Amino acid sequence: MLKSRTKWKLNDRIVDEEKVIGLSKALSLSPLFIELCLQRGLDSKEKISSFMQPDETWIHDPYLMYDMETAVSRITEAVEQGEQITIYGDYDAGAIRS
């Protein structure tokens with residue numbers, strides 16, 4: 001098991017402890033997780049449940065990214081021609097912002 005180098009930092013914002021405990025019991029989730037949800041505006045059982053089980057409406061159209069059609073076309077060509085494909089990325093490759 002890898003040890004996380006991340007230290008979770010809670011906001012100084014005060015949350016309603018009764019709400020934390022109630023949602024924690026209702027959803028069978030840890031109070032710490034519920035507190036993080038509340039601090040991020042997920043303040044109901046429905047909102048937290050939706051966050052925990054997202055649906056396809058959460059997924060953005062990848063073709064909105066710059067030059068995606070060109071990239072798909074080139075990758076398709078490489079596959080059809082039997083070319084090798086090398087993928088480069090960095091630690092934060094998954095954090096693409098629009």
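## How helix 1 crosses helix 3

In this predicted model, the crossing of helix 1 and helix 3 is right-handed; a crossing gets that name if the near helix is turned clockwise from the far one by less than a right angle, and is left-handed if anticlockwise. Helices here are DSSP runs (H or I, at least four residues) numbered from the N terminus, and strands are E runs of at least two. Helix 1 covers residues 17-27 and helix 3 covers residues 45-52; their axes come within 11 Å and cross at roughly 50°. That angle makes helix 1 oblique to helix 3. Axes are lines fitted to C-alpha atoms, for helices over the stretch in contact, and angles run from 0 to 180 degrees between N-to-C directions. Angles under 35 degrees count as roughly parallel, over 145 as roughly antiparallel, 65 to 115 as roughly perpendicular, and the rest as oblique.

On the helix 1 side, L23, A26 and L27 take part, meeting K45, I48 and S49 of helix 3. Contact means heavy atoms within 4.5 Å. By class, this contact has four nonpolar, one polar and one charged residues. Ala, Val, Leu, Ile, Met, Phe, Trp, Tyr, Cys and Pro count as nonpolar, Asp, Glu, Lys and Arg as charged, and the others, Gly among them, as polar.

## Helix 2 and its neighbours

Now to helix 2, which spans residues 31-39. Helix 2 packs against helix 3 at an angle of about 100°, with the axes 11 Å apart. The two are therefore roughly perpendicular. F33, I34 and C37 of helix 2 meet I48, F51 and M52 of helix 3, and this contact has six nonpolar, no polar and no charged residues. I48 also belongs to the contact of helix 3 with helix 1.

Within helix 2, the residues I34, E35, L36, C37, L38 and Q39 are buried. Buried means under 20% relative accessible area, exposed over 50%, and partly exposed in between (1.4 Å probe, protein chains only). The cover over these buried residues includes helix 1 and helix 3. Just after helix 2, G41 takes a positive phi of about 90°.

## An aromatic pair

The count of aromatic pairs comes to one. F51 and W58 form this tilted pair, with 6.1 Å centre to centre and 45° between the planes. Rings of Phe, Tyr and Trp (its six-membered ring) pair if their centres lie within 6.5 Å; planes under 30 degrees apart count as stacked, over 60 as edge-to-face, and the rest as tilted. F51 is partly exposed at 38% relative accessible area, and W58 is partly exposed at 43%.

## Two loop residues with positive phi

Most residues other than glycine have a negative phi. S28 is not a glycine, yet has a positive phi of about 55°. S28 sits in the loop between helix 1 and helix 2, and counts as exposed at 65% relative accessibility.

D67, also not a glycine, has a positive phi of about 60°. D67 lies in the loop between helix 3 and helix 4 (68-81), and is partly exposed at 40%.

## The whole chain

The protein has four helices and zero strands, in the order α-α-α-α along the sequence. Of its 98 residues, 16% count as buried. Among contacts with a separation of 6 or more, 21% join residues 24 or more positions apart.

## Notes on the numbers

Residues are numbered from 1 along each chain as its sequence is written, and side-chain values use heavy atoms, leaving out hydrogens and water. Local features need pLDDT of at least 70 and side-chain atom pairs count only at pLDDT 80 or more, while totals for chains, interfaces and linings use all residues.
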